[in-house]
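Please look over the sequence and the model below before reading the report that follows.

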Amino acid sequence: MHEWMLDNGLTPHIVVDAKREGVQVPEPHVKDGKIVLNVSPSATRSLSLGNDFVRFEARFGGVSYGIEVPLVAVLGVYARENGQGMIFSDDDSPPGPEPTSPVTPPTGDNRRPKLKVVK
């Protein structure tokens with residue numbers, strides 16, 4: 001997906017669950033437990049898209065950070081220009097380590113939100 005976006009002149013971004021075990025991202029940039037990372041060549045250095053982790057270096061507010069994201073923490077990938085991409089559900093991802101903190105049920109009507117890929 002990353003390569004396809006680059007081949008088509010799009011800017012790939014990933015949505016990461018920053019609370020998952022093994023995620024190393026700059027905490028001040030995490031909002032509501034998630035962070036969106038630009039994974040284009042112009043925004044990263046030493047980008048490695050492996051079978052288990054996404055690793056690279058990036059600058060946030062002029063400060064360089066080493067980023068490490070287990071694939072089980074990637075919630076989706078999309079193109080900045082048109083918003084097209086994929087959102088991964090729990091059913092799509094391989095089993096990974098459970099979060100270390102307890103999960104609280106959503107408020108309201110207690111239904112879990114569902115996301116769909118819209119073409």
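What share of the contacts in the chain with a separation of 6 or more is accounted for by residues 24 or more positions apart? The share is 49%, where a contact means heavy atoms within 4.5 Å.

This is a predicted model, in which local features need pLDDT of at least 70 and side-chain atom pairs count only at pLDDT 80 or more, while totals for chains, interfaces and linings use all residues. Residues are numbered from 1 along each chain as its sequence is written, and side-chain values use heavy atoms, with hydrogens and water left out.

**Overall layout**

The chain contains one helix and seven strands, which follow one another along the sequence in the pattern α-β-β-β-β-β-β-β; helices (H or I, at least four residues) and strands (E, at least two) are DSSP runs, numbered from the N terminus. Of the 119 residues in the chain, 29% are buried, where buried means under 20% relative accessible area, exposed over 50%, and partly exposed in between, with a 1.4 Å probe and protein chains only. The accessible surface of the chain comes to about 8400 Å², and 51% of that surface belongs to carbon and sulfur atoms; these areas come from the Shrake-Rupley method with a 1.4 Å probe, and for residues only the protein chains shown count as cover.

**The open sheet**

Four strands form an open sheet in the order S2-S1-S6-S7, with antiparallel pairing. Because S2 and strand S7 (85-87) each have a single partner strand, they stand at the edges, and one side of each is left without a neighbour in the sheet. Neighbouring strands of this sheet are turned by 20° against each other on average, direction ignored, with axes taken as lines fitted to C-alpha atoms, for helices over the stretch in contact, and angles running from 0 to 180 degrees between N-to-C directions. Within the sheet, S1 and S6 pair in the antiparallel sense over five bridges, two strands being paired if DSSP finds at least two bridges between them. His13 stands opposite Tyr78 in S6.

**The nonpolar core**

The largest nonpolar core has 20 residues, of which Ile14, Val16, Val25, Leu37 and Val69 touch the most other members; such a core is a set of buried Ala, Val, Leu, Ile, Met, Phe, Trp, Tyr and Cys residues joined through side-chain atoms within 4.5 Å. Two or more residues of this core come from each of strand S1 (12-17), strand S2 (34-38), strand S4 (53-60), strand S5 (63-70) and strand S6 (74-79), and S4 gives the most, with four residues. Leaving aside residues up to four places away in sequence, Leu37 touches Pro12, His13, Ile14, Val16, Val25, Phe56, Phe60, Ile67 and Val69.

**An aromatic pair**

The structure holds one aromatic pair. The rings of Phe60 and Tyr65 have their centres 5.7 Å apart and their planes at 80°, so the pair is edge-to-face; rings of Phe, Tyr and Trp (its six-membered ring) pair if their centres lie within 6.5 Å, and planes under 30 degrees apart count as stacked, over 60 as edge-to-face and the rest as tilted. Phe60 is buried, with a relative accessible area of 16%, whereas Tyr65, at 25% relative accessibility, counts as partly exposed.

Most residues other than glycine have a negative phi.
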